[in-house]
Amino acid sequence: MKDIKNIVAFDCGNSSIRVILGRFDGESMQTQVVHQVEQKEIAVNGYFYWDILRIFTELKRGLMMAHRQCGRIDSAGVCTWGIDFGMIGHQGQLLGNPLCYRNGMGAKIIEELSEQEQREMFDLTGIQNHQMNSLYQLAAYEKAFPEQAGAAESILLIPDLLCYLFTGEKKGERSIASTTQYYNVTEKQYSDPVLLKFSLDASLFPPLADNGDVIGTLSQHIADELKINRFPFVCVPSHDTASAVAAVPADEKDFIFLSSGTWGLIGTELEEPIVNDEIYQSGLTNEQGAFSTITLLKNGAGMYIVQRIRAELSVEGKKLSWDEMVKMAQRAKDDSLLFDPNDERLFNPPCMIDAIREILRETGQNGDCSIEEIIRAFYESVAMSYKYTADQISAVTKKEYKGFYIIGGGSNNMFLNQLVASATGMNVTAGPAEATSLGNVMVQLAHFDDKFYDLSALRTIVRRSIKTRQFKPQVSSGGKYNRFLEYIK
């Protein structure tokens, strides 16, 4: 009888909290979602927050359910969205719910930096300046909440915070640290010049562990509470994008990936970061990937826009499934409408539908279009934006890519997958949908066997473990793409 490894992945995104049980038999990894609940930010007195204690509670519930299924858990790993953080006081207690990056607090901090200073920040970190980045959020937080900031002994990014709640150990991880802009992707350490520039004490930030290392062990009191065995928490690529890229089922070295979810992160995998003027001007950024790789990518519009449209229609009494949303787009009489899905006005508008209509009017298009046409415009536009970024990546890396992989929940959207294939002119492989959790459990294998410190070996297991779908270009999108370029200039 084969020795089965029971491995748990905590996968917390902007829209869901999930606990996944992976079972590895030595040849393939089978995964199952054992617990999933909705996740969303909460507005309180003018700020958006994450309910971290609810997240922790749901993860514990899922852990108990996973144990009930398999009888013994061998390890667990945590990955979440990037950027956001919580603060721990001198008594080891949480100082409040973490703020959500959609507050836009960091914009004012960036505005205070000159163009030269902003370029220096990129050169020091390899990361593009953005109002969401932890560095700028933290600088704004200290001004808005000086009492809490002054009481902090530790600042932990969301996955590091969750690991602390489970194990009592404060450790960081490089992929999530690379979303902060106080981390240098070339040196693979916190950036002392950046911390000095913003008067940040380096002792606030936890020591960094490597993928495959043990962060800590499930605390005895949680094991007793849940009536489960104690097990190690393994350091995985705790930024969900990095875990997802680890599960790309590629057998070639050079490929383009699209991690399709609330955000659309499109990029490629490199051995070393590229920090130069061409990268800076393109808006591409270098983030840490699994096992010291680099994901050169752009964090662009994903399904958030259509998620907001769906929510706004729900308030009007129109509760639609995702399949129904796609069918509405397919019924649109006019499929020529386009807009820039990365327009800052679509970051978090009071009404997404109204914001899109206004942008369409400004660009001389039909702002009085139907809801069906707005949804179609989103799908067409976001596909074009992916082509735009793929072309940028090819230009700056001086490589011609043949493999285009769509992973994450958005890979289930057959309509969008086909639009991407036609827009890019590339053959598209879609899947796995559970890429983040699959990458999470796969990297945990390195804790058990040194041979799995190799992404090629892990991706071979991924290909044995999943089924993918293929999409080929059907129509030429050249004319439509040229019009799209006009709208993003």
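Select the lining of the second largest pocket: its residues divide into 4 nonpolar, 3 polar and 9 charged. In this grouping Asp, Glu, Lys and Arg are charged, Ala, Val, Leu, Ile, Met, Phe, Trp, Tyr, Cys and Pro are nonpolar, and the others, Gly among them, are polar. The model is predicted, with local features requiring pLDDT of at least 70 and side-chain atom pairs pLDDT 80 or more, whereas totals for chains, interfaces and linings use all residues. Residues are numbered from 1 along each chain as its sequence is written, and side-chain values use heavy atoms, with hydrogens and water left out.

A pocket here is an open set of points on a 1 Å grid over the protein atoms alone, where a 1.4 Å probe fits, with protein on both sides within 12 Å along at least five of seven lines; lining residues have an atom within 4 Å of a point. The second largest pocket holds about 300 Å³ of space, a volume filled by probe spheres set on the points, which are joined across faces, edges and corners. Of its 16 lining residues, Glu252, Lys253, Phe255, Glu269 and Arg459 are the closest to the centre. Helix α18 (455–465) gives the largest share of the lining, 5 residues. Helices (H or I, at least four residues) and strands (E, at least two) are DSSP runs, numbered from the N terminus.

Next, select helix α14 (residues 352–362). Met352, Ile353, Ala355, Ile356, Ile359 and Leu360 are buried there, where buried means under 20% relative accessible area, exposed over 50% and partly exposed in between (1.4 Å probe, protein chains only). These residues lie on the same side of α14 because they cover an arc of only 165° around the axis, taken from the directions from the helix axis to the C-beta atoms. They pack against α12 (304–315) and α15 (371–397), contact being heavy atoms within 4.5 Å. Just after α14, Gly364 takes a positive phi of about 75°.

Move to Met325 in helix α13 (residues 322–331). Met325 is buried, with a relative accessible area of 0%. Not counting residues up to four places away in sequence, Met325 touches Val306, Ile309, Arg310, Leu313, Leu320 and Ile375.

Finally, display the aromatic rings. Rings of Phe, Tyr and Trp (its six-membered ring) pair if their centres lie within 6.5 Å; planes under 30 degrees apart are stacked, over 60 edge-to-face and the rest tilted. The count comes to 21 aromatic pairs. Among them, Phe85 and Tyr141 are edge-to-face, 6.0 Å centre to centre with 70° between the planes.
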